[in-house]
Amino acid sequence: MGDAYHNTEEGILAACQNLQSLLRKSHPGIEISAAAEYYLDEQLTAKLAAQKPLLTFGNRYVLFELNFMVEPLNLHEFIFSLTTSRYVPVLAHPERYLYYQQQPEKLEDLLARGVLFQLNIASATGYYGKAAANLARTLIAEKWVHFAGSDCHNLTHAQVLEDALRTTPVQRLLSLPLLNHTL
Ligand SMILES: [Fe+2]
């Protein structure tokens, strides 16, 4: 989110390298890499229009998120710009947006436009509310999930994740042919 956070691609990669070199000493064998969760705003569309490279993971996947309350008017145009720039758009936590909770069929349209979905693991257990849990379970049942994400911001989230992993909906999620296994 360009207005609220001033994370640059260079800053993220430098921090990742710092962490990797610390890990080499304390936990040899753990390899990490970094990308970004891009918020769809004017700064992002300007960056894409100027063909500035985005941080990707895996097979040119670009993780992006949207306004939680109102579906952006330029969403389809943004997806088109990404796919024509040979990126693969991955929508972060589709189950958490109010307008997709109200109209899940809109997600089918995004799938047809080449968007992949990353579900938050703890959504399926109700951590982000009942509506998000309902949509998460629908997406799991329809197999409309390509990645499982932790969205882990702190140690509280880490504990929530540990508990979530033992629940049936999350077991079901993790049994899907997720692209996590191909990274
Ligand atoms: Fe997010």
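Analyst: Two strands pair if DSSP finds at least two bridges between them, where strands (E, at least two residues) and helices (H or I, at least four) are DSSP runs numbered from the N terminus. This is a predicted model, in which local features need pLDDT of at least 70 and side-chain atom pairs count only at pLDDT 80 or more, while totals for chains, interfaces and linings use all residues. Residues are numbered from 1 along each chain as its sequence is written, and side-chain values use heavy atoms, without hydrogens and water.

In the order E1-E2-E3-E4-E5, 5 strands form an open sheet with parallel pairing. Strand E1 (37-39) and strand E5 (147-149) stand at the edges with a single partner strand each, so one side of each is left without a neighbour in the sheet. Within the sheet, E3 pairs with strand E4 (residues 116-120) in the parallel sense over 3 bridges, and Leu116 in E4 is the bridge partner of Val90.

Helix H3 (residues 75-84) has Leu75, Phe78, Ile79 and Leu82 as its buried residues (buried means under 20% relative accessible area, exposed over 50%, partly exposed in between, with a 1.4 Å probe and protein chains only). The buried residues of H3 pack against strand E2 (61-65) and strand E3 (88-92), as well as helix H2 (42-49), helix H4 (98-102) and helix H5 (105-112), contact meaning heavy atoms within 4.5 Å. The face of H3 turned away from its buried side carries the exposed residues Glu77, Phe80 and Thr84. Just after H3, Arg86 takes a positive phi of about 65 degrees.
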